Amino acid sequence: MTSTFPNISISTERLVLRPLDEDDVPALAEMMNDEQVAAWTDVPQPFTEAGARHWITAYAPAERTSGRGLDLAVTEFLTQRLVGVIQLTKTNWHIRATELSYIVAPWARGEGYASEAALATAQWLFGDQKFERIELRTAADNTASQQVAQKIGCISEGVLRNACIAHVRTEDGTWADMRTDFIVWSLLPEDLEGAGEELAGSDGFTSWN
């Protein structure tokens with residue numbers, strides 16, 4: 001029988017990770033229209049508020065209830081401002097493995113939010129959900145994403161040649177596909193040692209109604 005992730009809220013020193021909410025629509029749409037997001041993801045461009053609302057009200061709930069994955073809003077603890085999104089996809093409940101990705105709003109970059117959110121998610125997956133493997137895939141030229149993977153303790157496993165499609169601006173201002181490599185990273189429970197302080201007990205994880 002397919003398992004599913006719970007509706008969960010994860011707290012860190014600076015952040016709260018929680019289910020996406022319709023109040024996030026304007027900030028999510030703005031974030032997804034950023035040049036770096038467009039370059040390294042397959043998010044449709046331009047990304048409309050209608051697209052953001054569909055993601056929040058239809059796509060994300062379907063991913064969770066089907067057991068395929070989990071989408072979490074990453075927000076600042078003090079301001080509640082949307083910092084980014086954490087996604088778990090391609091989840092295999094038999095081998096307790098999932099693929100993790102992260103997107104951070106342009107105004108919030110350089111603050112360590114991606115690594116803080118990814119590490120908290122990994123600690124929750126390994127501790128509360130008893131997962132045994134987390135996989136990350138970063139485009140060969142996406143050095144910022146690779147730095148996050150390294151910072152949280154991931155191990156580079158190899159290269160998937162020509163497996164990624166990135167995007168570049170053309171002279172007329174539209175986007176064109178550019179094929180590149182994927183670097184594959186893995187994170188196992190024992191890799192977290194030294195990556196950051198563990199969330200104290202279960203205090204950092206709360207159910208979300």
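A: Happy to; below we go through a helix, some strands, the cysteines and the aromatic rings.

Q: Great. What kind of model is this, and how are residues numbered?
A: This is a predicted model, in which local features need pLDDT of at least 70 and side-chain atom pairs count only at pLDDT 80 or more, while totals for chains, interfaces and linings use all residues. Residues are numbered from 1 along each chain as its sequence is written, and side-chain values use heavy atoms, with hydrogens and water left out.

Q: Let's start with helix H5. Which residues are buried there?
A: H5 covers residues 143-151, and its buried residues are Ser 145, Gln 146, Val 148 and Ala 149. Buried means under 20% relative accessible area, exposed means over 50%, and partly exposed is in between, using a 1.4 Å probe on protein chains only. Helices (H or I, at least four residues) and strands (E, at least two) are DSSP runs, numbered from the N terminus.

Q: Why are they on the same side of H5?
A: Because they cover an arc of only 155° around the axis. The arc is that of the directions from the helix axis to the C-beta atoms. As background, an α-helix has 3.6 residues a turn, so residues three or four places apart point the same way.

Q: And what is on the face turned away from the buried side?
A: That face of H5 carries Gln 147 and Lys 151, which are exposed.

Q: What do the buried residues of H5 pack against?
A: They pack against strand E5 (97-104), helix H4 (113-127), strand E6 (133-139) and strand E8 (175-187). Take Ser 145 in H5: its relative accessibility is 13%, so Ser 145 counts as buried. Leaving aside neighbours within four places in sequence, Ser 145 is in contact (heavy atoms within 4.5 Å) with Tyr 102 and Thr 138.

Q: What follows H5?
A: Gly 153 follows H5, and the phi of Gly 153 is positive, near 100°.

Q: You mentioned E8. What does Leu 187 touch?
A: Leu 187 lies in E8 and counts as buried at 0% relative accessibility. Not counting residues up to four places away in sequence, Leu 187 touches Ala 122, Phe 126, Glu 132, Arg 133, Ile 134, Ile 152, Gly 153, Cys 154 and Leu 192.

Q: Switching to strand E2: how many of its residues are buried?
A: Five of the five residues in E2 (residues 15-19) are buried.

Q: Which strands does E2 join up with?
A: E2 runs antiparallel to strand E1 (residues 8-11), joined by two bridges, and antiparallel to strand E3 (residues 70-76), joined by five bridges. Two strands pair if DSSP finds at least two bridges between them. On the E1 side, Ser 11 stands opposite Val 16, and a hairpin takes the chain from E1 to E2 through three residues. On the E3 side, Leu 17 stands opposite Val 74.

Q: How many disulfides are there?
A: The structure holds zero disulfides, where a disulfide is a pair of cysteine sulfur atoms within 2.5 Å. Cys 154 is in no disulfide, and the nearest cysteine sulfur, that of Cys 164, is 17 Å away. That is too far for a bond.

Q: Are those cysteines buried or exposed?
A: Cys 154 counts as buried at 7% relative accessibility, and Cys 164 is buried with a relative accessible area of 5%.

Q: Now the aromatics. How many pairs are there?
A: There are five aromatic pairs. Rings of Phe, Tyr and Trp (its six-membered ring) pair if their centres lie within 6.5 Å; planes under 30 degrees apart count as stacked, over 60 as edge-to-face and the rest as tilted. The rings of Phe 5 and Phe 131 are stacked, with centres 5.7 Å apart and planes at 25°. That pair links distant parts of the chain, with Phe 5 in the segment before E1 and Phe 131 in the loop between H4 and E6, 126 residues apart.

Q: Which cluster do Phe 5 and Phe 131 belong to?
A: Phe 5, Trp 93, Trp 124 and Phe 131 form one aromatic cluster.

Q: What about Phe 47 and Trp 55?
A: Their ring centres are 6.3 Å apart and their planes are at 85°, so the pair is edge-to-face. Phe 47 counts as buried at 10% relative accessibility, and Trp 55 is buried with a relative accessible area of 8%.
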